[in-house]
Amino acid sequence: MSSPHSPNQNHLLAALPAVEFERLAAHLELVSLPLGEMLYEPGEQLQHAYFPISAIVSLHYVMESGASAESAGVGNEGVVGISLFMGGDTTPSSAVVQTAGHAYRLGSQLLKQEFNRAGSLQRLLLRYTQALITQVTQTAVCNRHHSVEQQLCRWLLLTLDRVTTRELVMTQELIASMLGVRREGITEAAGKLQQAGYIRYRRGHIAVLERAGLEARSCECYAVVKKEMGRLLADVRPRENTSAAVR
């Protein structure tokens with residue numbers, strides 16, 4: 001029986017020309033990413049890059065007080081570990097699995113070698129990095145100037161864009177930690193969205209009933225991030241099927 005998982009489920013890997021993909025294919029390792037797993041910690045030397053196919057990874061910073069906030073999320077549109085090809089090798093932020101799923105893992109040296117060939121992978125990763133910077137910037141502005149309800153709508157919409165279901169396994173505590181707000185604020189905001197008929201919340205599960213309602217309640221930040229991602233990766237198209245094997 002064939003595996004239900006494929007590197008083509010990650011948009012960046014799917015867009016690589018066959019020749020470039022085949023150089024990496026034998027080294028791509030399918031890994032399961034459970035909720036809450038720490039992929040890397042602040043200051044830690046990165047050993048792998050992760051290309052999510054169904055998992056979502058949160059990039060966030062933890063203060064000395066223990067308070068934290070997400071700067072960006074990475075799903076099947078991108079890669080976790082941009083420090084590897086940007087020359088830093090470490091980062092002051094953490095990468096934690098926000099939504100359980102799978103990813104393909106690639107060793108740091110192999111990623112660097114392919115990046116330094118200055119081919120399609122390099123162009124894709126640099127454009128994705130610009131899109132990620134837009135997300136980080138917009139998140140900072142949103143957290144400073146918009147209401148908790150607007151932030152929650154933005155965050156839910158970005159999460160929905162990365163999954164194939166409308167039911168999310170997500171506690172209010174986790175969302176509060178991601179947004180850097182008090183749990184009570186999330187409870188109030190989620191209550192308003194549920195009362196409006198846009199979501200249904202029960203014991204760590206959020207079902208989105210009306211996406212259009214979330215879009216209407218969200219601030220402009222979601223649209224800015226989505227538009228920029230689409231602009232930068234507009235010509236990213238899946239290659240034809242390849243026979244290269246992956247683990």
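Good morning. Arg117 counts as exposed, with a relative accessibility of 51%. The model on the screen is a predicted one. The partner of Arg117 is Glu114, and the two side chains meet in a salt bridge with an N to O distance of 3.3 Å. Glu114, by contrast, is buried, because its relative accessible area is 4%, and the cut-off for buried is under 20%.

How many salt bridges does a search of the whole structure find? The search finds 13.

I turn now to Asp161 and Lys226, whose side chains meet in a salt bridge at 3.6 Å, N to O. This pair links distant parts of the chain, 65 residues apart: Asp161 is in the loop between α6 (148-160) and β8 (167-169), whereas Lys226 is in helix α10, residues 221-232. Asp161 counts as partly exposed at 32% relative accessibility, and Lys226 is also partly exposed, at 44%. Both residues belong to a network of salt bridges that links Asp161, Arg211, Glu215 and Lys226.

Another salt bridge joins the side chains of Arg202 and Glu167, at 3.0 Å from N to O. Arg202 lies in strand β9 (residues 199-202) and Glu167 in strand β8, so the pair ties together parts that are 35 residues apart in sequence. Arg202 is partly exposed, with a relative accessible area of 45%, and Glu167 is partly exposed at 28%.

Finally, let us consider Arg162, which lies in the loop between α6 and β8. Is Arg162 buried or exposed? Arg162 is buried, because its relative accessible area is 10%, and buried means under 20%. What does Arg162 contact, leaving aside its neighbours within four places in sequence? Its contacts are Ile56, Gly73, Val74, Gly75, Asn76, Glu77 and Gln135. A polar atom of the Arg162 side chain lies 2.9 Å from the backbone oxygen of Gly73. With Glu77, the side chain of Arg162 makes a side-chain to side-chain polar contact of 3.2 Å.

Thank you for your attention.

Key
Residues are numbered from 1 along each chain as its sequence is written. This is a predicted model: local features need pLDDT of at least 70, side-chain atom pairs count only at pLDDT 80 or more; totals for chains, interfaces and linings use all residues. Side-chain values use heavy atoms; hydrogens and water are left out. A salt bridge is a side-chain nitrogen of Lys or Arg within 4 Å of a carboxyl oxygen of Asp or Glu. Buried means under 20% relative accessible area, exposed over 50%, partly exposed in between (1.4 Å probe, protein chains only). Helices (H or I, at least four residues) and strands (E, at least two) are DSSP runs, numbered from the N terminus. Contact means heavy atoms within 4.5 Å. A polar contact is a pair of N or O atoms within 3.5 Å; within protein, one must be able to donate a hydrogen and the other to accept it, and residues adjacent in sequence count only if both atoms are side-chain atoms.
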